[in-house]
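Please look over the sequence and the structure first.

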Amino acid sequence: MKFVAVTSCPTGIAHSQMAAENLEQTAQANGHEIDVEVQGAMGQENELSSEAIEAAEAVIIAADTAVNQDRFADMPVVNAPVKEAVNDADGLLERAIEEADGATATATTPSEPGVETDVAAGTDGDIEGSSDSVKRGGDPSKGLFARLKRLLS
């Protein structure tokens with residue numbers, strides 16, 4: 001599978017780098033491809049290209065800061081603290097695979113009526129839980145810090 005990820009921590013020096021490296025190594029060890037963008041106080045490193053985003057089957061956002069998710073619209077997204085990518089990259093990749101498989105199954109269920117009820121019954125709670133985590137906090141670009149940053153820059 002192909003993934004894209006964004007790692008971010010408030011300082012962006014150690015944890016976001018360690019999380020990115022751990023995600024890359026774990027994905028490679030499991031036969032997956034991943035492109036990781038690192039965000040922090042120093043700005044962005046390895047910015048994700050639109051081609052990489054389009055080719056990805058799921059997105060992993062391991063961040064302790066607000067990450068703009070507009071470019072990942074209509075894609076399965078797994079949100080987690082950066083610490084989880086450092087300590088349990090395998091778990092994050094498994095969740096991303098489940099989200100990608102769930103999105104694929106949901107997209108194909110109208111043509112497969114027998115599968116529709118099984119898929120909906122089996123993953124509905126997980127999908128709702130991840131949607132809530134995406135919606136929590138609202139749009140970070142409209143927050144106080146983002147507005148102050150635009151005003152002062």
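Helices are DSSP runs of H or I with at least four residues, numbered from the N terminus. By that rule, aspartate 101 falls in helix H4, which covers residues 89-108. The model is a predicted one.

**Surface patches**

Aspartate 101 belongs to a surface patch of negative charge that also includes Glu57, Asp88, Asp90, Glu94 and Glu98. Aspartate 101 has a relative accessible area of 42% and is partly exposed, because the partly exposed class lies between under 20% (buried) and over 50% (exposed).

A nonpolar patch on the surface is formed by Phe145, Leu148, Leu151 and Leu152. Together these residues have about 520 Å² of accessible area. Leucine 148 is placed in helix H6, residues 144-152, and is partly exposed.

Threonine 26 is buried, and so is serine 16.

Setting aside residues up to four places away in sequence, threonine 26 touches Ala89, Asp90 and Leu93. One of these, Asp90, is also part of the negative patch. With neighbours within four places in sequence left out, serine 16 is in contact with Thr7, Ser8, Cys9, Val38, Gln39 and Val82.

| Residue | Relative accessible area | Class |
|---|---|---|
| Aspartate 101 | 42% | partly exposed |
| Leucine 148 | 37% | partly exposed |
| Threonine 26 | 11% | buried |
| Serine 16 | 0% | buried |

Key: Residues are numbered from 1 along each chain as its sequence is written. This is a predicted model: local features need pLDDT of at least 70, side-chain atom pairs count only at pLDDT 80 or more; totals for chains, interfaces and linings use all residues. Side-chain values use heavy atoms; hydrogens and water are left out. Patches are made of residues with over 30% relative accessible area and no salt bridge: like charges are joined within 9 Å, nonpolar side chains (Val, Leu, Ile, Met, Phe, Trp, Tyr) within 5 Å. Accessible areas come from the Shrake-Rupley method with a 1.4 Å probe; for residues, only the protein chains shown count as cover. A salt bridge is a side-chain nitrogen of Lys or Arg within 4 Å of a carboxyl oxygen of Asp or Glu. Lys and Arg count as positive and Asp and Glu as negative; His and the chain ends are not counted. The place of a charge is taken as NZ of Lys, CZ of Arg, CG of Asp or CD of Glu. Helices (H or I, at least four residues) and strands (E, at least two) are DSSP runs, numbered from the N terminus. Buried means under 20% relative accessible area, exposed over 50%, partly exposed in between (1.4 Å probe, protein chains only). Contact means heavy atoms within 4.5 Å.
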